[in-house]
Structure formats: structure tokens, C-alpha cells
Amino acid sequence: MKKIILTLISALFASFSLAQVSIDPSLITSTGQLQFSLFGGFTAPLKDYRKDIGRAKNGYFYGLAIDQYFNGNQWGIGLDVRSLKQESRKFEPISFANGHLATNYKNEPAFKHLGVSIGPTYKVDLGKKVELEAFLRTGVLFQQFPEYVQSIYVNDPGGTPVKMFDDYYTNNEKNKAKAWMGLGGFRVTYRLNDHIGLFLQTDYLNTFGKRFGGDSSRFHVMNYKPTNPLGPKDVLIIRNGVITNINQFYESRPCPCETNVKALNLAAGIKIKLGAKRKKLPLVPVVVVPVAIPKEIQVVVKDKQTGLVLSGVKVKISGNGKEYVSNSNVNGEAERVKSAIKSGYLITAEKNGIVADPVGIKPTDFETDAAVIYKEIFLNDLRFTLIGETIRSNDNSKLPGISTVLSNTFNNESVGQVSDGQAMFTYQLEQESEYTVVATEAGKFSQTELVSTKGLDRSKTLYVVLKLGLSDISVGATFVLKNIHYDFDKSNIRPNAAPILDNLVNIMVKNPSLRIELSSHTDSRGKDDYNEKLSQRRAASAVSYLLAKGIERSRLVDKGYGERQLLNRCANGVKCTPGEHEANRRTEIKVLKY
């Protein structure tokens, strides 16, 4: 931190020195002023930083600004060093029938930041005594985050609270982290004399970017959002050390939330000036000689159906005996052509075998006053684009380098792709079609995700987004096979369940030492004994499918649990919807050996 501060201060004072150099005394009316501003005041967090992610409260800040104005005292460069503190809103303890929620704060519940930034300053007089300054800064914010965890405690039979579940907690890589920051604001000064003034200042501070120096620069929390907040009459049911009815009160998956620091600041302070006052320069007539100046060419690629910008499109700009080839970025922009000479140019674009209608640039386009020639080119690919991300199921962290397979359920055609360094993969999807997407990675279990473009309007939708979750295969691990269900009172495998079981076959093939229990479960309707036998037939039916695909019998165990392991509240006598009952009619696998 000291090295960064010293570097910024050195750069600032180097510019101060250059501002004082006189090249031709006859042309210079005054040297620029150097001013020091001490300030302090009120800081208000904004947006997610203030709301349920950051939970930051209004706080205070103080600091020092050093501004060096150049000759004429209108433009200058400034350094801003400030310290901010904003306390974090504490969680209120909550009690329910057989326990309570409590929060453990592992450090001071407050955000503490030190910001160092540098940038241009502009000043204008509003009268004999009043001046207005506007400034923009960029630099580094050294952050210190609070660390806490809110937990659910359930009383054991003896009345002793036992910690069972963390429902809201911070999960930052480091509690002290750096972030790029931007700062912009205004300062209104009342001059007491030529060297001292009092001022009011308002500015906006915002960090940006996700990482700095290899570490996350944002504040992170993991939050199981409540769907039905616990109240004094609610009871949490404990079986085998697990809360069985937690899904009645919380969402089943946590929300990995994050926020940048955003704050509006109001301050008052005192300013001390050094150097000469600004003097008016004499008017000097300027003779403008027209000169032919080359222009820049900027091409933006868009989707013809929706008008959205497209990345990863190969763009070629040909003209004046040269060719410029590049791929469009996330903003749809091809690499800008610098110093293009007046001539005719042809622009072409191609992606995934689709070629856009070419666009031309005429010599007359160079005769305008604009320094940049902007052109748009439209790609008319009638297919949808699937943007997928391979993630770890338990914490949603990225898993790059994972093999994936996309299969068309109509014609069984399949294509494969490996997720890139950002864990992303893309496929093109035909209209009015259905697909399955799976990961095929040894040692990993992937659900079979269903993707459909049926009913989607291509003129309104370009992208279909998918997160493909993977879990490590380990002894004792249990996985519910998504999208495989049974009809009521039936044990046969539905046709739409075949791709899911085919994915299980592929997992067994890629992991030859894997031995599993394949279990089946029913809903609570019907007699318990009958449901037990029905679930056994269903498990045997699924195992028979795997045997028919060449999996050895010694690697498979079929087991029917009937209605003994319901996933929701729909026990005997409870009125439930057909969808709730269907959720209980499921197939699971448990790893017995690996």
C-alpha cells in the first residue's frame, strides 16, 4: 500500500514541477496554484452495498486533497487520500418454538476503507468570492470487510441449543482486499482571502471490476433466502442430526451475492492555496490551415433479428491495399482501425458458418468533421445461441475445462465442446427444438439438463442461458436424477426419461470402479405396503434399462423405499397438488463404491 501511495504522490509532484517550467516568458502570464484541502463529513452507502448484501449504514469520512493547477489556474491535476468507515447493520436475534437464530461477529461489524486516487481538476470563478471545482479521480481503495455468520440453533431434548444450520454468512476470500475505484464530484469554495477558503464538497465513490491482484475485490455473502420467515410458533424437525423441514422456511439453494462499494459523500473543509493568481491571457489571432487528417474506423456487429450486439464474430475490413481482421468483443466492437486514409473500404463478417451482408465505406465518408467513422453490420443467424457455464453444484464456483455434449432429442444428433478458461461453452440451437446437455467428465456427476426453444420468438430472444452443475463422485454421495419421473401407479420408464438414464450409463462407463444403489420412491397416495412394492418394481425397471445398455449386474443394486423418504410435506392425509406428489415419485442414486 505504501508503494502505491508513494508512486501516486511522486507522479503528482512530477506534474507539479512540469507545470512550473517556463518555456517562453513572453507567453506565460502566471504560474499555476498549488492548493491543499482538508475535509471531513458524512458518507451514505448506495444500492446493494446499503441493502441486504452489504448492509452498510451511514458513516463518516475524512481526507486530504492536493491540487496543482497549470498556467491560467483553470485545469489541473489532483491527488485525493481519504478514510471511510461505515458500520454494518446487525441482525436481530429471532426465536421460534424450539430454538433461535443468532449471529456471531468475528471482527468489528464495520466497513473500513482507505482510498488513494489521482485525476484531473477543472475550476471556474462564479464571482469575486466564490469558485466551483469539478474533479474526476481513479485509483485504489484498500478495503476491510466485516465477517459474521447467522446460524440456526435448535434445542436438544435437554434444552441445550445446538447449532444446526448457517443461513446467512460472509464468504470473502480475504477480509482485507483492494479494488479499483472511481471518484467524481464538485467543490464550492468561499474565498476568505487569496490564500484561504472554506468549502462544501459532494462526490460519488464507486469501486469497479471483480478482481484485483488475483483476489476478489467485492464483498461476498452467502444467503439462504427465507420463503416463510420463522416465527414464535414454528418448529424445526430434527432427524438424524438434519433439519427435515428446512425447505418450508428457506430456499433449497443459497444465493451467492456480491456487491461493489458505492457511496455518496458530503463534506466541509478548509482550503489553503499557494502560488500566483490566475491572470487573463491576451487574445491572439489564430490562423487555421485545413489539413487532410486520417480517420479511425469502428465497426459494431449486431444480431439482425434482435438488434443485440454480438461477440466472437470474425470481422474483415479491406481497403487501400490493406486488410484488418479481428474478432468482435463483448460490446460487439471489432478492433478499431487507426489512421485510415481516404479511400473505399469493404466490411465483411462471419460466425458459425453464417456470413453477413457486406457493408461499404465511401471516400465521401471521410469528408465529415467526425474523427471516427462508425459502421454497423448485421448477422442474420436464425438459430438461438446457448450460453452455458460449468459450475460446481455445492457452491456455484466455476469449473473450466469440462467436456460437454449437446444432443437433439428429435434426431439424436450430438456435438461436443469443452468449457473454456472462464468455464463457458456455447452451442447453436435450431428453432422449435428440444435438446439435452450433459457433462462427460470422469469423477464428476452431472445432471441431464433439458433445453427447449419451442415457443421462443427469435425476433425477441437471441440467447438461452444454462448453468450446468457438477458434483464430485464419492462414496456415500446421493444424487436425485432430475427430469425422470413415473406416471401414477406405473413402473415403466417414460420415453422422455431415456436420455437421463443414458447419461447415467455414460457415467458408469467413464468410471468403471463405480458401484451404485439405484433407488425409487413413491408419493404418499395409496397403501404403504403397495407403494413399497411399486417402488421396488420401479427401481428394478431402471436397473433393467442399465443392464440392457451393457452395465454389469454386480455394479447395480435396486432398492424401493416406497413413501418412507418424502421430499416435502405431502404425507398421508395431506392435500397436495399433482406437482408436489410428482416430486416425490423420483429416482435416486447412491454411491456404494468408487
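1. Serine 328 has a relative accessible area of 6% in this predicted model, and it is therefore classed as buried, the cut-off being under 20%. The residue is located in the loop that connects strand E21 (322–327) with strand E22 (337–340).

2. Which residues surround serine 328, once its neighbours within four places in sequence are left aside? Its contacts are Val301, Leu310, Ser311, Gly312, Val313, Glu333 and Ala334. One of these, Ser311, is also among the residues closest to the centre of the second largest pocket.

3. The second largest pocket holds about 490 Å³ of space. Its lining comprises 22 residues, and those closest to the centre are Ser311, Lys351, Ile387, Thr426 and Tyr463. By class, ten of the lining residues are nonpolar, six are polar and six are charged.

4. Which strand gives the largest share of the lining of the second largest pocket? It is E30, with five residues. Strand E27 (384–392) and strand E30 (424–429) each contribute at least two residues to this lining.

5. Glutamate 441 lies in a loop as well, here between strand E31 (434–439) and strand E32 (444–446). Its relative accessibility is 24%, so the residue counts as partly exposed; the class begins where buried, under 20%, ends.

6. Beyond its neighbours within four places in sequence, glutamate 441 is in contact with Gly401, Ile402, Ser403 and Lys510. For serine 403 there is a specific atom pair to report: the side chain of glutamate 441 reaches the backbone nitrogen of serine 403 at 3.2 Å.

7. Strand E38 (residues 586–593) pairs with strand E35 (residues 478–480) in the antiparallel sense, through three bridges. Within this pairing, phenylalanine 479 has isoleucine 589 of E38 as its bridge partner.

8. How many bridges join strand E36 (residues 515–521) to E38? There are seven, and the two strands run antiparallel. Histidine 521 is bridged to arginine 586 in E38.

Definitions and conventions
Residues numbered from 1 in each chain as written. Predicted model: local features only at pLDDT ≥ 70, side-chain atom pairs only at ≥ 80, totals over all residues. Heavy atoms only, no water. Helix = DSSP H or I, 4+ residues; strand = E, 2+ residues; numbered from the N terminus. Buried < 20%, exposed > 50% of the residue type's maximum accessible area, 1.4 Å probe, protein only. Contact = heavy atoms within 4.5 Å. Polar contact = N/O pair within 3.5 Å; in protein donor to acceptor, adjacent residues only side chain to side chain. 1 Å grid on protein atoms, 1.4 Å probe; cavity = no way out; pocket = protein on both sides within 12 Å on 5 of 7 lines; lining within 4 Å. Points joined across faces, edges and corners; volume = space filled by probe spheres on them. Nonpolar A, V, L, I, M, F, W, Y, C, P; charged D, E, K, R; others polar. Pairing = 2+ DSSP bridges.
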